[in-house]
Amino acid sequence: MTENGSSARPLLKCIGLTGWIFIALVAGIAVGVACNMGVPAGSAVDEVLIEGLFYLVGQGFIRLMQMLVVPLVFCSIVCGAASIGSGKALGKVGGLTVLLYLLTTAVAVVMALGVAQLINPGLGLDMSAIHAQEASSAEPTSVTTTLLNIIPSNVFTALADGTMLQIIFFALILGVILGQLGEQVDVVKRFFEQFNVIMMKMVGLVLKVAPIGVFCLISRTFANLGFDAVVPVFKFVGGTYLGLGIQLCVVYMALLFVFTRLNPLRFLRKMLPVLAFAFSTSSSNATIPLNMETLEKKVGVNPRIASFTVPLGATINMDGTAIMQGVAVVFAAQAFGIDLGATGYLTVILTATLASIGTAGVPGVGTIMLAMVFSAVGLPAEGISMIMGVDRLVDMGRTAINVTGDAVVTTIVANANGALDRSVFDADQPADAGLDGAASIEGR
């Protein structure tokens, strides 16, 4: 009895959080479809179980995620911008790096929105039945008004109302100023860094109950929709991977060739172990050491460049996450019958790009950040429940794209600063020597 119990416990631990979420997805689909086929609408079981227990627990989980969004985004972006705002980062290397990171993220989300519009992942799925309020089209707003609304007239009102673009705008300014003032404001910087650690701990606690929340949300969704929801969900997964593939093979490789004239196929071959590691761990932060070592010993990037740009990229460069968010926005908008309009999609581009600065490089946080993007354009948070169940399937791919983006931008920046040893890149075997031959960037 004891041996069986002790062997079962490690097995349960090996499943992991993402495994439990996927199990909850499958179980939720099975229970929901069974309820859809066997439980009449308005019956006692429907009122107590589906619209009672499942609705209560599911909505409670959504509120937990929404509770985290404002403090998590605010503190994360302040800390990220503070690191950018230091003296070293504001130099030539830092400026070019940040510009390229934000540019590739903007391109990623625009491309993702275009791909999603082509495949229409949410068409044929009517999720208005599971939303407490009627879905309605977004009010048309001029581009000028949208841009002006980024600047908060009262930052405390923006924080209280969860106006995300205004929160991001203020957090960016505050973070850059903290970085410029340096040691003069160490106490304030430590406060935000420590509060950010607290928020990440809270994210971990909320994600521990994610399997229960996902099970209840998915069960209620499929109880209302039946099999009609299966195809759109997997169209979302397919659309996301299509966007990730375009970003990797077209956007990144084109940038690499145009700015460095390096062979893209050789670059991908050298980076393959990094991609595999990122895919398996779903963590940009965990991939930092291997990414830096590969760039230095196989690509020929000067360690001074890689030691700055790669950790910075793990903090502010989340192209894969932005692609997922772009496809998810179109999926939810179509499923709920909401017309976002041109200004709505512009808001998505701005929010997803700026939010990449505050997305931590750990598994699962992208889903929390998705709640922020949904909030910015007025999409119901219930749409996230459909995405959380299959998030692990896309999380691995988007992490691989994130770290590849870090590597490509690092190589471009190194080449622009004369800190790329092409003989190392042209060598067939990893080189332990030759890094000292790369030009120094001191004094630039």
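Lys-270 lies in helix α10. In this predicted model, is Lys-270 buried or exposed? Its relative accessibility is 9%, so Lys-270 counts as buried, the cut-off being under 20%. Which residues does Lys-270 touch, leaving out those up to four places away in sequence? They are Thr-294, Lys-298, Val-424, Phe-425 and Ala-427.

Leu-268 is also found in helix α10, which covers residues 264-281. Leu-268 touches Leu-248 and Met-253, again not counting residues up to four places away in sequence. Val-408 is 140 residues away along the chain, yet the two C-alpha atoms are separated by 10.0 Å.

| Helix | Residues | Length | Reach, first to last C-alpha | Expected reach |
|---|---|---|---|---|
| α9 | 230-260 | 31 residues | 44 Å | 45 Å |
| α11 | 288-299 | 12 residues | 15 Å | 16 Å |

The reach of α9 is close to the expected value. The reach of α11 is close to its expected value too. Still, α9 has a kink of about 35°, centred on Gln-247.

What follows α9? Just after this helix, Arg-261 takes a positive phi of about 60°. Arg-261 is not a glycine. Its place is in the loop between α9 and α10. Arg-261 has a relative accessible area of 57%, so it is exposed, the cut-off being over 50%.

Just after α11 comes another positive phi. There, Gly-300 has a value of about 95°. Within α11, the buried residues are Ile-288, Asn-291, Met-292, Thr-294, Leu-295, Glu-296 and Val-299. Thr-294 is one of the residues that Lys-270 touches.

Asn-120 gives one more case of a positive phi in a residue other than glycine, with a value near 50°. Asn-120 sits in the loop between α3 (92-119) and α4. Its relative accessibility is 22%, so Asn-120 counts as partly exposed.

**Ala-407 in helix α17**

Helix α17 covers residues 391-416, and Ala-407 is found in it. Is Ala-407 buried or exposed? Its relative accessible area is 0%, so Ala-407 is buried. Leaving aside neighbours within four places in sequence, Ala-407 is in contact with Phe-267, Met-271, Asn-291 and Leu-295. Asn-291 and Leu-295 are among the buried residues of α11. Gly-313 is 94 residues from Ala-407 along the chain, and their C-alpha atoms are separated by 8.7 Å.

**The nonpolar cores**

In soluble globular proteins, nonpolar side chains tend to be buried together. Here the largest nonpolar core has 116 residues. Which residues have the most contacts inside it? They are Phe-236, Phe-267, Val-301, Phe-374, Leu-379, Ile-384 and Ile-387. Helix α2 (residues 44-84) gives the most to this core, with 14 residues. Another core, of 5 residues, lies apart from the largest one; among its members are Cys-35, Ile-50, Phe-54 and Cys-216.

Leu-379 shows what such contacts look like. Not counting residues up to four places away in sequence, Leu-379 touches Val-329, Ala-332, Ala-333, Ile-338, Leu-340 and Phe-374.

**The whole protein**

How many helices and strands are there? The protein has 18 helices and 0 strands. Of its 444 residues, 53% count as buried. Residues 24 or more positions apart account for 85% of them.

**How confident is the predictor?**

The average pLDDT of the protein is 78, and 78% of the residues score at least 70. Among the elements, α9 has the highest mean pLDDT, at 91. Helix α4 (residues 143-148) has the lowest, at 69.

Over residues 132-141, pLDDT stays under 50, and the model has 11 contacts beyond four places in sequence for them. Over residues 430-444, pLDDT also stays under 50, and the model has 30 such contacts there.

Key:
Residues are numbered from 1 along each chain as its sequence is written. This is a predicted model: local features need pLDDT of at least 70, side-chain atom pairs count only at pLDDT 80 or more; totals for chains, interfaces and linings use all residues. Side-chain values use heavy atoms; hydrogens and water are left out. Helices (H or I, at least four residues) and strands (E, at least two) are DSSP runs, numbered from the N terminus. Buried means under 20% relative accessible area, exposed over 50%, partly exposed in between (1.4 Å probe, protein chains only). Contact means heavy atoms within 4.5 Å. The expected span of a helix is 1.5 Å times one less than its number of residues. The bend at a residue is the angle between axes fitted to the seven residues ending there and the seven starting there. pLDDT is the predictor's confidence in each residue, from 0 to 100. A nonpolar core is a set of buried Ala, Val, Leu, Ile, Met, Phe, Trp, Tyr and Cys residues joined through side-chain atoms within 4.5 Å.
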